[in-house]
Amino acid sequence: MTSTFRQTVLANLAKPEVRANFYRAMDGLMTRRLDQFPDKAELERLRTQSMAIRANALSKLPELLETLEANLTRNGIQVHWAETAEQGNQIVQAILERHNAKSIIKGKSMVSEEMGMNHFLEALGIECLESDLGEFIIQLDGETPSHIIMPAIHKNRVQIAKLFHEKFPDIPYTEDVDELTQMARRILRDKFYAAPVGFSGVNFMVAETGTLCLVENEGNGRMSTTAPSVHIAVTGIEKVVESLSDVPPLLSILTRSATGQPITTYFNMISGPRKAGEKDGPEEVHLVLLDNGRSNIYSDPELLATLRCIRCGACINHCPVYVRIGGHSYGTVYPGPIGSILEPQKAGLDVHGELAQASTLCGACSEVCPVRIPIPSILNRLRYDGVRRDTANTNTVGSGKRRTLSEAATWKTWAWAATHPTIYHAGSTLATHFKGMLPTNLGAWTTVRSAPKLAESTLHQQVKNLGVDHE
């Protein structure tokens with residue numbers, strides 16, 4: 001792990017209130033998810049079905065994207081392709097300039113976070129107001145999301161109440177959650193009608209019908225996509241599915257895995273701009289399809305499973321590392337287990353390779369993943385790619401950049417000793433005899449646990465139990 005990552009983790013571990021917020025929130029999410037799947041056999045069948053749907057879509061990704069574009073265009077939706085985040089931002093900028101738009105109202109979109117779109121447009125003098133309550137809260141506080149589903153999960157109601165009172169001093173102070181929600185609603189309501197452009201993410205894209213599906217609970221997504229005269233949606237190229245019949249199983253397992261709900265309050269299906277005689281809806285709909293490293297991931301059969309993700313956040317909710325260090329420790333758009341495999345592949349192992357080490361490999365993430373992504377296996381692959389010498393045999397960005405001579409020499413020496421029983425036996429015996437010289441301070445290890453203390457001949461006995469006896 002890089003020193004920057006270590007420093008951030010240590011800083012966040014020293015914030016007991018934030019850690020308590022995470023513990024409470026994650027415990028609740030895990031319990032609610034468990035309650036939604038009383039029949040374990042039904043859960044496993046649904047996981048297998050969902051995995052098959054996503055794997056099928058990825059196996060046909062190029063042709064499905066072409067079919068999607070054709071059907072979206074037929075429906076009147078304008079499709080734009082962006083290879084990089086910079087190109088995606090430039091496409092959005094061009095659309096806004098064409099309409100002389102100086103403000104937009106946004107629904108929740110992790111891909112827009114990936115693009116850094118808010119900062120990009122604000123630098124151009126264009127206001128980007130988040131309408132999702134969690135996103136609105138962290139925007140007020142100048143923060144980034146700490147969770148892909150619940151951006152402000154690291155804050156409790158008292159912290160939010162103080163923030164609202166600081167930003168809106170004319171509004172009476174309250175810690176009542178319902179009143180805080182209504183306060184945000186009043187602030188945002190006029191913006192939906194005043195903003196010339198609305199913005200959203202996409203949960204699923206249906207190639208068969210040219211339909212954009214949007215899952216949400218607050219209604220802000222529906223307002224953002226219908227009230228303004230122009231709607232811009234942005235998503236990764238991997239979100240496509242083949243047919244409309246693929247959506248119900250994915251929706252069912254997405255909502256139950258994410259927030260423990262049988263279904264969200266709103267499920268929006270967008271198939272085109274406002275038609276003649278219709279009373280609401282945008283006059284223009286644009287879809288920006290972002291690659292940003294996804295094609296490179298797609299080219300590797302082993303890493304391809306990363307793209308099956310439906311962004312439910314279940315792996316994050318069940319990750320003991322995430323719960324302890326918090327989302328902001330990762331320093332990336334996508335935190336937790338999914339971020340630890342996705343971010344190094346997008347930005348490179350030389351940039352975010354340390355995230356692949358931020359895991360105990362306990363397997364909790366893969367056990368709850370609704371589309372059965374083998375996250376621990378991919379983490380191990382990325383760890384190997386980071387230190388491998390035959391970099392010509394992999395497409396992983398930054399492969400081999402984390403290899404150090406000292407570490408390589410250490411493991412080479414250990415491998416040599418482990419394959420020479422007499423040397424290994426002598427070394428273990430010496431370690432037992434000189435155990436009294438073992439330091440009690442082992443750096444980061446002993447900041448959270450006691451240094452190991454071996455009883456007399458314990459190590460020697462452990463070696464014998466392994467069958468390493470050559471006398």
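Predicted model: local features only at pLDDT ≥ 70, side-chain atom pairs only at ≥ 80, totals over all residues.
View 1. Strand 8 runs parallel to strand 5 (residues 204-206), and 2 bridges join them. Look for Met205, whose bridge partner in strand 8 is Val240.

**View 2. Strand 5 and strand 6 form a hairpin.** There are 4 residues between the two strands. Gly210 sits in the turn and has a positive phi of about 70 degrees. The strands pair in the antiparallel sense, over 3 bridges. Val206 stands opposite Thr211 in strand 6.

**View 3. Strand 6 (residues 211-216) is mostly covered.** Of its 6 residues, 6 are buried. Both faces of the strand are covered. On one side are Thr211, Cys213 and Val215, all buried. On the other are Leu212, Leu214 and Glu216, also buried. Strand 6 also pairs with strand 9, in the antiparallel sense and over 5 bridges. Cys213 has Met269 as its bridge partner in strand 9.

**View 4. Strand 7 (residues 230-236) is largely enclosed by the rest of the structure.** Why is strand 7 described as largely enclosed? Because 7 of its 7 residues are buried. Val230, Ile232, Val234 and Gly236 cover one side. His231, Ala233 and Thr235 lie on the other. Both faces of strand 7 are covered.

**View 5. Strand 7 pairs with strand 4 and with strand 10.** Strand 4 (residues 197-200) and strand 7 pair in the parallel sense, over 4 bridges. Here Ser200 stands opposite Ala233. Strand 10 (residues 284-290) also pairs with strand 7 in the parallel sense, over 7 bridges. In that pairing, Val234 stands opposite Val288. Strands of a sheet pair through backbone hydrogen bonds, either parallel or antiparallel.

**View 6. The largest nonpolar core has 97 residues.** Val92, Leu96, Leu212, Ile232 and Leu287 have the most contacts inside this core. Helix 12 (residues 247-258) gives the core its largest share, 6 residues. In soluble globular proteins, nonpolar side chains tend to be buried together.

**View 7. Val92 is among the residues with the most contacts inside the largest core.** Which residues are in contact with Val92, leaving aside neighbours within four places in sequence? They are Met115, Met117, Leu121, Phe199, Ile232 and Val288. Ile232 is a residue of strand 7, and Val288 lies in strand 10.

**View 8. Trp411, Trp414 and Tyr424 form a nonpolar patch on the surface.** Together they have about 370 Å² of accessible area. Trp411 lies in helix 20 (residues 405-418). Is Trp411 buried or exposed? Trp411 is exposed, because its relative accessible area is 53% and exposed means over 50%.

Key:
Residues numbered from 1 in each chain as written. Heavy atoms only, no water. Patch = residues over 30% accessible without salt bridge, like charges linked within 9 Å, V, L, I, M, F, W, Y side chains within 5 Å. Areas by Shrake-Rupley, 256 points an atom, 1.4 Å probe, with all protein chains shown as cover. Salt bridge = Lys/Arg side-chain N within 4 Å of Asp/Glu carboxyl O. Buried < 20%, exposed > 50% of the residue type's maximum accessible area, 1.4 Å probe, protein only. Core = buried A, V, L, I, M, F, W, Y, C linked by side-chain atoms within 4.5 Å. Contact = heavy atoms within 4.5 Å. Pairing = 2+ DSSP bridges.
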